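Hi there,

Here is the structure I promised to pass on to you. Have a look at it first, and then read my notes below.

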Amino acid sequence: MAYICEVSKQNLHQIIITERDIDYGILVLDKEKIPRGPYFIQEPQPVIFDPRGRKQVNDVSLKCIAGGYPTPIYKWYREEFKNDELVSHLVDPLTDSRYTQTDGTLIISDPQQNMDRGNYHCSAENKYGVIISKTVQLSFGYIGEFNKKRSPDHGKENWGKSVSCDPPQHYPRVNYYWSRNNFPNFVEEDQRVFVSYDGNIYFSSLEKVDAARYSCSVQSIISPSGRNGPFFELYVEPASSGQKLLFPNNFPKAFPDAPLAGDDVRLECVAYGYPVPAYNWTRKGLTNELPQGASLHSYNRVLILPKVRVEDVGDYVCTASNGLESTAKSVPLRIQAKPEFTIPLENKVVDKGSTVVWTCEAFGKPDVTYNWLKNGKLLQRENFDISDSSRYRIYNNVLSIDNVIERDEGMYQCKATNHLGSSYSSAQLRVITLKPTFTKYPLDSEMFAAEGGNITIPCRPEAAPFPSFTWKRENYGLSSVGRIRILANGYLHINPVRREDEGRYTCIAKNQYGSDYSEGLLIVLSLPQLLDAPLPRVMAVVNDSAELPCRASSRRYVEDDTLDLAYIWLQNGLRIDMEKQHQFTVGSYPGYLRIYNITLAEAGTYHCIVKTAVGRITQSTELVVYGPPGAPGAVLAEDLTATSGRIHWSDGSPNGDPIKAYTIEGRTNHNSTWVVLKEIVEKYKIRPESGRREIELFNVLSPWSKYSFRVSAINSLGKGEPSDPSPIYNTDKDVPHVAPSNVGGGGGKAGSLTITWDPLPPQEWNAPEIWYNVSYKPANSDAKFQELSLKSWHNIGLFVINVGEENYYKPYLVKVQAINSIGPGPYSEEVEIYSAEN
């Protein structure tokens with residue numbers, strides 16, 4: 001379990017720093033030459049040698065790199081079990097000319113499987129101790145031979161088919177390729193055809209074109225070498241029915257089937273079925289979301305999970321569907337993890353005679369077990385001297401050593417193991433005695449404090465054991481009392497600082513091995529003083545400008561040095577960036593804030609912060625911005641008829657000036673443009689229970705329309721932003737309100753009277769549908785109009801009447817009327833039209 005110590009800034013001086021770096025008590029300017037034990041920069045990695053590539057590369061390299069000073073010496077070991085006990089044999093280049101070692105790199109020339117295959121680790125050693133690396137495997141790759149011949153295979157048209165590769169034995173994993181009729185005419189995947197990581201080629205449903213000669217090829221993942229299998233015939237036979245939807249060969253499945261944390265995992269899904277199915281992936285478990293970075297490939301048959309984590313475990317469900325049926329099945333993903341340290345060891349520099357406690361913690365799945373090593377040797381009670389067995393205590397991942405002495409120094413390692421492997425965390429133990437010294441951390445030659453503030457003067461000698469402290473000012477001893485306190489960590493804390501505290505301070509540290517001192521000058525400076533400050537409340541109007549004054553001095557006494565002043569402005573707690581917020585700029589003097597083109601967004605609380613090297617002061621003001629009203633809210637409608645209704649809403653902010661009037665707008669499904677329905681409404685009702693405003697809209701709405709409404713408020717400073725649109729409301733049906741326009745006609749063949757007009761647009765229908773009545777009579781006649789109903793023709797704009805061939809080129813009076821389900825609308829004006837000429 002990791003712990004965090006948290007303390008407020010005001011109490012930071014109370015912390016006693018007990019951690020010591022590895023160079024504690026050692027003064028070395030070149031960090032690369034700090035005396036220290038070895039530590040690994042790069043540990044060895046597993047190697048697979050490809051014997052078929054000997055002509056190109058006929059050696060293998062195992063490499064580890066370690067830091068430390070003096071420079072570490074490396075040794076390599078080959079591990080083997082003898083009588084169920086793990087034994088490490090030194091790899092000595094002097095005994096076998098095939099071995100070459102350069103620093104931490106071991107090169108094995110002409111590697112032989114019977115001699116060199118196995119597990120290896122390296123050690124790094126200098127005068128301060130020995131550490132060993134994790135164990136890695138040197139293995140040899142191979143690919144056997146395919147069978148020379150293969151029998152033909154058969155399948156049914158519109159049925160699923162799996163054809164196995166029958167690959168030779170191999171190590172490590174291989175990639176599979178399928179050829180059709182000749183090599184290298186590789187099979188291309190499509191929605192029907194899929195080559196799986198299991199080596200098989202799958203047809204969701206066979207077609208006649210799939211009949212061909214096929215061959216499977218494999219290629220090693222560690223080299224370009226591979227093998228080609230024999231060609232064989234695949235026959236596709238006719239069938240009377242198609243394949244029902246089903247998953248073959250344990251699909252869906254995962255590759256690898258037992259992944260480790262950090263692996264890329266490939267989930268595959270393929271189904272037989274006709275018609276050809278489509279695929280979808282989901283997840284069941286702690287979360288239904290696919291892991292971050294997951295991606296779909298090969299027509300959604302493949303789900304790639306990159307660098308999986310333990311929390312990615314769960315059941316991943318593949319659903320296949322083809323429009324006729326659907327089926328789903330899950331594949332469980334269980335992730336294991338090699339040991340990885342979450343709390344590694346840290347170097348310890350301790351006092352002689354003290355107690356050391358080391359704790360390490362590693363995560364692994366399955367759970368890990370722990371062992372401890374010193375200088376590369378396993379710490380076991382039977383290996384301890386009698387005098388040490390009572391001082392060393394090991395409990396799982398905790399090692400403690402009581403009453404440490406010089407022979408306890410060395411390199412210690414915590415080893416975490418599960419069946420997947422082991423990891424090491426290394427650290428050095430130094431046991432020291434040291435008289436106090438200020439060589440590394442003397443007091444600052446000059447220190448500054450603000451009058452009325454506080455200061456903590458650090459006293460940080462290196463010493464073992466921890467020293468006692470004495471403080472002096474101008475060679476007079478100081479007592480820990482009142483404003484001045486000597487803290488347990490040796491620091492001197494003064495609160496509040498006064499003018500008379502200025503002077504030269506000396507810290508003296510002492511333990512049984514000697515003493516040392518360091519001194520520095522404390523200079524007391526005054527805090528900045530405000531000369532100009534903004535009023536507590538400032539008024540401004542939208543689009544105007546305003547200036548907020550803030551000016552200070554860093555000198556209170558004539559003898560004070562002038563310190564640089566820095567001004568910072570905050571608006572509502574956020575720092576103003578004048579380079580990005582162009583409405584703000586420096587005003588008449590440094591520190592003044594000028595605001596141009598004020599909007600309502602500039603309203604709020606402003607803080608001017610004046611900073612010097614010794615302290616800060618703050619002054620605040622409230623900027624109140626007057627402007628047009630804010631947008632009203634929650635606009636609703638009630639009691640809508642065909643042309644009238646009630647609208648009500650809640651007021652927005654008046655923004656410093658009372659609201660005087662409102663404008664009501666509406667838009668319909670026929671036209672997305674907002675249209676003013678009522679302008680500058682000064683008389684309205686106020687609902688007593690809610691305070692909402694309400695007005696009547698009379699004879700301004702369009703019947704049979706989908707309406708939304710919005711409201712804008714007006715004060716003496718202008719019209720504000722409109723409200724959000726209301727919900728959509730329907731008005732009632734009504735008869736058409738307007739007559740068809742542009743009535744005319746003429747022409748055609750003899751005996752016909754052609755009448756034309758402009759059909760009414762939908763917003764004028766006032767109902768779901770509309771049709772027309774056409775009335776006509778001879779001109780200059782007292783006869784009644786003859787009326788024709790064109791209901792079955794709906795919304796047309798032309799009609800031809802047969803008046804007889806004898807009535808050619810005669811004038812007629814014509815008028816047109818629109819009608820809907822509610823009733824007729826007004827007639828158009830009478831228009832004179834001539835029948836067609838003979």
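Which residues does Phe247 touch, not counting residues up to four places away in sequence? With contact meaning heavy atoms within 4.5 Å, Phe247 touches Cys269, Val270, Ala271, Cys318, Ala320, Thr327, Ala328 and Lys329.

Before going on, please note that this is a predicted model, where local features need pLDDT of at least 70, side-chain atom pairs count only at pLDDT 80 or more, and totals for chains, interfaces and linings use all residues. Residues are numbered from 1 along each chain as its sequence is written, and side-chain values use heavy atoms, leaving out hydrogens and water.

Phe247 also belongs to the largest nonpolar core, which has 24 residues. A nonpolar core is a set of buried Ala, Val, Leu, Ile, Met, Phe, Trp, Tyr and Cys residues joined through side-chain atoms within 4.5 Å. Buried means under 20% relative accessible area, exposed over 50%, and partly exposed in between (1.4 Å probe, protein chains only). Apart from this core lies another, of 22 residues, including Val368 and Cys414.

Now for the charged pairs. A salt bridge is a side-chain nitrogen of Lys or Arg within 4 Å of a carboxyl oxygen of Asp or Glu, and that rule gives 34 of them. One joins Arg266 and Glu268 (2.6 Å, N to O). Arg266 counts as buried because its relative accessibility is 16%, and Glu268 is buried at 0%. In another, Arg498 pairs with Glu500 at 3.9 Å between the closest N and O atoms; Arg498 is partly exposed, at 41%.

Happy exploring!
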